[in-house]
Amino acid sequence: MLNKSHAKTETVQESASPLRLNLICALNCEAKSLIDKLRLKKQNQTVFSTYVGHWGVADQSVLVTVLITGVGAMSMAAGVAWLAAVQNEKYLNSVWLNVGTAGHGEFKLGAPFIVSMSQGVFSSRRFYPPQVARRAVRLSPCMSLNAPSSDYPETGGIDMEASAFFDVACRFTQAELVQSFKVVSDTPSQGIEHLTANIIAEIMQPHTEAVLVFSKALLLLAENAVQKPNNELVMPQIRATHSQRQQLNDRAKRLAFSLPAEKIDHLSSELLRLSQSVSDEKKAANLLLNYLDTAILNLQPTLHDSLASATQKHAQSRITQHGVG
Amino acid sequence: MVDTIYVENAINDHTRTALVLDRYPKAEVVGLEHYGEVFNSSKQNFRLQKHNPSLILAAKGGKRVMPTPAQYETGGGAHYYFSHMLNCVYDCRYCFLQGMLRSANYLLFVNYEDFMQDIRSVAEQHKGDDKPVWFFSGYDCDSLAYEPVTGFAEYFIHQFQHIDNAVLELRTKSTQIRSLLNTEPQDNVVVAYSLSPESIVSAVEKGAPPLSKRIEALKRLQDHGWRIGLRFDPIVWHADYLQDYEEAIPQVFESLKPDAIDSVTLGGFRLPKGFYKTMHNLHPEHWLFNAGLTEEEGMVVYRQDIEEQALKSVGELCERYVDERRVFAYSSFNAKEAEASGGM
């Protein structure tokens with residue numbers, strides 16, 4: 001289902017990839033199976049431990065970063081904020097997935113869940129991550145405590161980072177793309193005393209594929225999160241007032257999203273030609289505005305014909321499907 | 001199919017909550033204190049949530065029945081609206097809900113009894129009026145599209161039987177009319193359909209029934225004895241819109257008994273500026289938000305020449321079939337109090 005990961009590596013800051021997946025773990029042992037599976041490379045000389053690489057998802061190369069923050073809310077908050085800062089771009093469609101272990105009062109040891117509600121002990125604020133991506137594991141609420149505890153809630157989970165993760169990560173992307181995937185590491189009958197780094201790695205390992213499947217669902221959503229212009233409409237250098245410039249930019253933006261790339265190129269050339277043809281510099285802005293307004297007005301489609309042709313195509317495809325055509 | 005349902009703790013034991021949850025045995029239920037924690041939280045993306053909306057069950061507090069803007073007249077007396085649900089199963093590109101709400105999740109208020117109490121109280125205030133007081137449903141959701149789950153029409157129609165000075169208007173695009181066909185028609189209920197030519201349905205009314213199905217539903221309702229209304233609102237302007245409306249309008253009226261149509265309303269595409277900005281950011285590539293629009297007193301509307309021509313020409317097409325006194329056109333340029341295009 002998922003393409004093989006590529007060995008190609010990249011630094012945390014640089015990316016030619018339009019999609020980013022940030023997997024955030026408190027401990028290295030929680031991330032180990034993911035790092036191995038995706039063949040990520042450790043980055044040197046960074047404040048937090050990071051592992052970076054590319055992952056092929058549905059013909060796209062996704063830049064994956066695994067960040068190890070350390071245990072607790074402060075470490076998590078600092079780590080997420082640091083990564084967002086070094087990525088240093090407005091990635092409004094980055095996926096941020098917290099992956100780790102949690103105690104649970106109801107679920108069995110080794111059971112995975114996605115956090116449906118997260119609340120920390122420092123704040124009364126509750127986070128309900130929007131559940132849009134398709135999931136194959138159960139939901140559960142999770143309380144984030146400030147110290148390990150063997151006091152389990154009757155029906156929910158406990159951890160030390162999820163609340164801080166949501167609080168900070170939601171500032172950098174769409175809420176639908178910020179999620180937490182937990183695996184139960186301790187329960188009322190099997191407390192935290194048995195946990196070592198090796199045991200945690202063993203608990204996480206069987207769920208590597210499930211984490212990646214969920215990541216993939218989030219990445220597919222992320223593709224639709226932000227619309228990109230088809231091409232850049234190049235505005236010629238002309239004399240214009242601030243207000244005229246704003247109007248020209250507004251029109252340019254509309255057309256850059258609506259027209260196919262080649263038509264935008266053509267429009268850019270036309271604007272240049274028009275601006276050069278005006279003898280009075282002061283008139284150039286208005287001339288270009290009128291020209292762009294006409295172009296915008298022409299965006300209205302002829303639905304009648306397009307519906308007729310769509311109906312015809314549909315009818316033809318039905319005939320073909322039935323083996324007549 | 002809804003796979004996540006949020007339920008306010010206070011309505012866990014409400015009968016209607018249990019009925020709705022029974023419809024979705026595979027959905028996971030998440031408890032919450034107040035629906036606003038999910039519905040109004042920041043950084044939500046309406047466009048993304050439309051891929052897989054969750055359902056929120058809650059109780060509506062505060063004001064449940066609101067007066068409509070003055071221009072929204074359909075021949076009745078005082079006009080009010082109420083919303084038992086926010087958001088819609090359809091995905092119409094022009095719908096103002098995308099600009100008004102942060103979330104695309106379906107928010108269903110299960111405390112119908114409280115809504116009815118408020119409706120009765122408002123009706124009581126208008127007891128001496130010449131004309132009945134009109135209550136619209138379907139501004140913030142489709143009145144019938146979710147009927148098998150909500151049982152909304154079934155409950156409210158029955159309740160309106162006992163208010164003799166009130167009319168209930170159900171605005172819809174849906175063909176979920178079974179509960180209406182199983183009920184004796186009532187004089188004080190109007191089922192009003194939002195209609196658009198097939199080309200517009202196909203281009204901008206994603207998920208909504210085709211025009212032919214809506215006409216079929218209207219015909220069945222009218223034959224059964226229900227009062228019906230027609231809403232060409234918004235009229236969606238495009239290069240060959242007139243040709244489309246010239247085909248659609250005879251198709252509608254010739255399938256029905258025009259004399260028995262309660263009212264016909266028309267309006268152009270119009271939005272408060274803030275809603276428009278949000279919607280344009282969600283769909284910057286869509287022609288609907290890019291052609292023929294202008295700003296008028298805080299509203300984004302079709303240019304005056306375009307809107308006037310659209311209302312006039314579509315209005316004239318309707319007046320071939322019904323008396324002009326039953327055709328109401330909402331102009332963005334005459335109205336002192338302009339409002340957003342109807343959700344339905």
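Chain A has nine helices and ten strands, where helices (H or I, at least four residues) and strands (E, at least two) are DSSP runs numbered from the N terminus. The model is a predicted one, in which local features need pLDDT of at least 70 and side-chain atom pairs count only at pLDDT 80 or more, while totals for chains, interfaces and linings use all residues. Residues are numbered from 1 along each chain as its sequence is written, chains are lettered from A and ligands numbered from 1 in the order in which they are written, and side-chain values use heavy atoms, with hydrogens and water left out.

## The two chains

Of the 325 residues in chain A, 52% are buried; here buried means under 20% relative accessible area, exposed means over 50%, and partly exposed lies in between, with a 1.4 Å probe and protein chains only. The domain assignment divides chain A into domain 1 (19-223) and domain 2 (242-321), with bounds that come from an automatic or database domain assignment. The C-alpha centres of domain 1 of chain A and domain 2 of chain A are 44 Å apart.

Chain B contains 13 helices and 18 strands. Its radius of gyration is 19 Å, close to the 20 Å that the globule rule gives for 344 residues, so chain B is as compact as a globular protein of that length. The radius is taken over C-alpha atoms, and the rule is 2.2 Å times the number of residues to the power 0.38. The C-alpha trace of chain B spans about 55 × 45 × 35 Å along its principal axes, and 63% of the 344 residues of chain B count as buried.

Contacts, which are heavy atoms within 4.5 Å, can also be sorted by their distance along the sequence. Among contacts between residues at least 6 apart in sequence, 73% in chain A join residues at least 24 apart, and in chain B the corresponding share is 77%.

## Two pockets

Rolling a probe the size of a water molecule over the atoms shows where empty space is left. On a 1 Å grid over the protein atoms alone, a cavity is a set of points where a 1.4 Å probe fits but cannot get out, whereas a pocket is an open set with protein on both sides within 12 Å along at least five of seven lines, and lining residues have an atom within 4 Å of a point. Grid points are joined across faces, edges and corners, and a volume is the space filled by probe spheres set on the points.

The largest pocket holds about 660 Å³ of space. It is lined by 20 residues, and those nearest its centre are D250(A), R251(A), R254(A), Y276(B) and L293(B). The elements that give two or more residues to this lining are α6 (242-258) and α8 (284-297) of chain A, together with α12 (273-282) and β16 (293-296) of chain B. The largest share, five residues, comes from α12(B). The lining of the largest pocket divides into six nonpolar, five polar and nine charged residues, where Ala, Val, Leu, Ile, Met, Phe, Trp, Tyr, Cys and Pro count as nonpolar, Asp, Glu, Lys and Arg as charged, and the others, Gly among them, as polar.

The second largest pocket has a volume of about 570 Å³. Among the 28 residues that line this second pocket, Q174(A), A225(A), V226(A), N45(B) and N281(B) are the closest to its centre. At least two lining residues each are supplied by α6 of chain A and by α3 (46-49), α4 (97-100) and α12 of chain B. The lining of the second largest pocket consists of eleven nonpolar, eleven polar and six charged residues.

## Single residues

In chain B, the peptide bond from D233(B) to P234(B) is cis, with omega near 5°, and P234(B) lies in strand β13 (residues 227-235). F269(B), in the loop between β14 (261-268) and β15 (270-272) of chain B, counts as buried at 1% relative accessibility. F269(B) and L288(B) are 19 residues apart in sequence and 9.1 Å apart in space, C-alpha to C-alpha.
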